[in-house]
Amino acid sequence: MGAVTVTLHLDGVTKDYGDATALRGIDLDVEDGEFFTLVGPSGCGKTTTLRCIAGLEAPDSGTIRFGERDVSGLPPEDRDVGVVFQHYALFPTMTVRENVAYGLQFDPPAGSVDERVDELLALVDLSGMGERMPDELSGGQRQRVALARALAPEPDVLLLDEPLSALDARLREQLRLEVKRVQRELGITTVYVTHDQSEALAVSDRLAVIHDGRVEQVGDPESVYESPATRFVAEFLGENNCLDGRASRGVGGETGGSVVTVGEREFEVAGDHAGPVTLCVRPESLDADASHNQFAARVTDVEFLGDAYRVHFDWNGRPILARLDEPLSGSVTLGFAPDDATVLER
Ligand SMILES: Nc1ncnc2c1ncn2[C@@H]1O[C@H](COP(=O)(O)OP(=O)(O)OP(=O)(O)O)[C@@H](O)[C@H]1O
Ligand SMILES: [Mg+2]
């Protein structure tokens, strides 16, 4: 199964709904066998992008290619895509087996349908559940059936639109690993949509952060998290303290980097920067024992997270968030290493 090589390309895809612009020119290149995620806030255009790829929606302009094949004008059934939506759309009056077999009706397997269904049920870890009805399954099991049904006709591309969002947190974490395992086993080119940034970071080979109908940044989870290209990405993927300031080049003291002045305070940062900038420091990069870039801030709130404390500070009227091992109070001197900061031009 899934042995075909399929890359996926979107070039300048736009889509308006009446007066509302959903997509403002989406460019994406997904590699063969890649687990590629579209992540972004509600309404940014993720579902619209996925529906354009599936052929359920026609772009106003731009092209969509699967490998060399321009699929822009093709109806969904000619695109060889498998789709799983957020709300499990299983047929309630059909058994699990019949639901999965439905995925084979237009594309019967060479061998027996029963054997193929058994193979698919085993793949999603539902062996022996074929005779159950959908309402006899848990939410997670239903989503596995939906996944098996989407995979039944051996699609070239698998499209998943928030397939886990109706499930509780623990089950979501379990099932996202499961989805990833199935995807790897089949080596199927996959586009996964979520608004959950931690899910996107956890499962993706690469991800695209979508904002207001545009792609803000594409990359593997680590590099996008560590080097956000825009303030939007810096604040959307994980938490961040973003402070507007002004950078001066080549005055970075011991580090040989630059200095960013925020209010009255000068911070040393790595790299060459000048002019108006936004200084971004992750809550986990702030430390009460840091030897660099110290500043005194007042604790305003403490939240216990289990493995750490999320401590809210006020620094001269600016809210600051730190992830610390201890629940501090009063006035605290925080600091951060120069190369832990991200400096974005404004
Ligand atoms: N059928 C429609 N008619 C009119 N506007 C629409 C339609 N579908 C989507 N939109 C608008 O297009 C924009 C993008 O919607 P889309 O469903 O792609 O967002 P999304 O990123 O999937 O959001 P969510 O995370 O909430 O699912 C939104 O502003 C939405 O209101
Ligand atoms: Mg959506």
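1. Accessible areas here come from the Shrake-Rupley method with a 1.4 Å probe, and for residues only the protein chains shown count as cover. On that basis the accessible surface of the chain comes to about 16,100 Å², and carbon and sulfur atoms hold 45% of that surface. This is a predicted model, in which local features need pLDDT of at least 70 and side-chain atom pairs count only at pLDDT 80 or more, while totals for chains, interfaces and linings use all residues. Residues are numbered from 1 along each chain as its sequence is written, chains are lettered from A and ligands numbered from 1 in the order in which they are written, and side-chain values use heavy atoms, with hydrogens and water left out.

2. As to overall form, the C-alpha atoms of the chain fill a box of roughly 75 × 45 × 35 Å along the principal axes. The secondary structure comes to eight helices and 19 strands, where helices (H or I, at least four residues) and strands (E, at least two) are DSSP runs numbered from the N terminus. Of the 346 residues, 48% count as buried; buried means under 20% relative accessible area, exposed over 50%, and partly exposed in between, with a 1.4 Å probe and protein chains only.

3. The chain is divided into domain 1 (8-231) and domain 2 (239-345), with bounds that come from an automatic or database domain assignment. The C-alpha centres of domain 1 and domain 2 lie 38 Å apart, and six residues of domain 1 are in contact with seven residues of domain 2, contact being defined as heavy atoms within 4.5 Å. Among contacts in the chain between residues at least 6 apart in sequence, 65% join residues at least 24 apart.

4. Which residues surround ligand 1? The shell consists of Tyr17, Ala22, Pro41, Ser42, Gly43, Cys44, Gly45, Lys46, Thr47, Thr48 and Glu162, a residue being near a molecule if one of its heavy atoms lies within 4 Å of it. By class there are four nonpolar, five polar and two charged residues in this shell; Ala, Val, Leu, Ile, Met, Phe, Trp, Tyr, Cys and Pro count as nonpolar, Asp, Glu, Lys and Arg as charged, and the others, Gly among them, as polar. Helix H1 (residues 46-54) gives the most to the shell, with three residues.

5. The side chain of Thr48 has an N or O atom 2.6 Å from an oxygen atom of ligand 1, a backbone N or O atom of Gly45 lies 3.0 Å from an oxygen atom of the ligand, and a polar backbone atom of Cys44 is 3.2 Å from an oxygen atom of ligand 1. The protein covers 58% of the 630 Å² of accessible area that ligand 1 has on its own.

6. Glu162, found in the loop between strand S7 (157-161) and helix H5 (169-186), has a phi near 45°, a positive value in a residue other than glycine, and is buried, with a relative accessible area of 10%. Asn293, in the loop between strand S14 (275-281) and strand S15 (295-304), has a positive phi of about 50° although it is not a glycine, and Asn293 counts as buried at 7% relative accessibility.

7. Leaving aside neighbours within four places in sequence, the residues in contact with Thr37 include Tyr192, Thr194, Leu207 and Ala208.

8. Val262, in strand S12 (residues 258-262), is buried at a relative accessible area of 1%. Not counting residues up to four places away in sequence, Val262 touches several residues, among them Leu243, Phe267, Leu279 and Trp315.

9. Finally, Arg310 is placed in strand S16 (residues 309-315). Polar contacts join the side chain of Arg310 to that of Glu239 at 2.3 Å and to that of Glu303 at 2.5 Å.

Terms used
A polar contact is a pair of N or O atoms within 3.5 Å; within protein, one must be able to donate a hydrogen and the other to accept it, and residues adjacent in sequence count only if both atoms are side-chain atoms.
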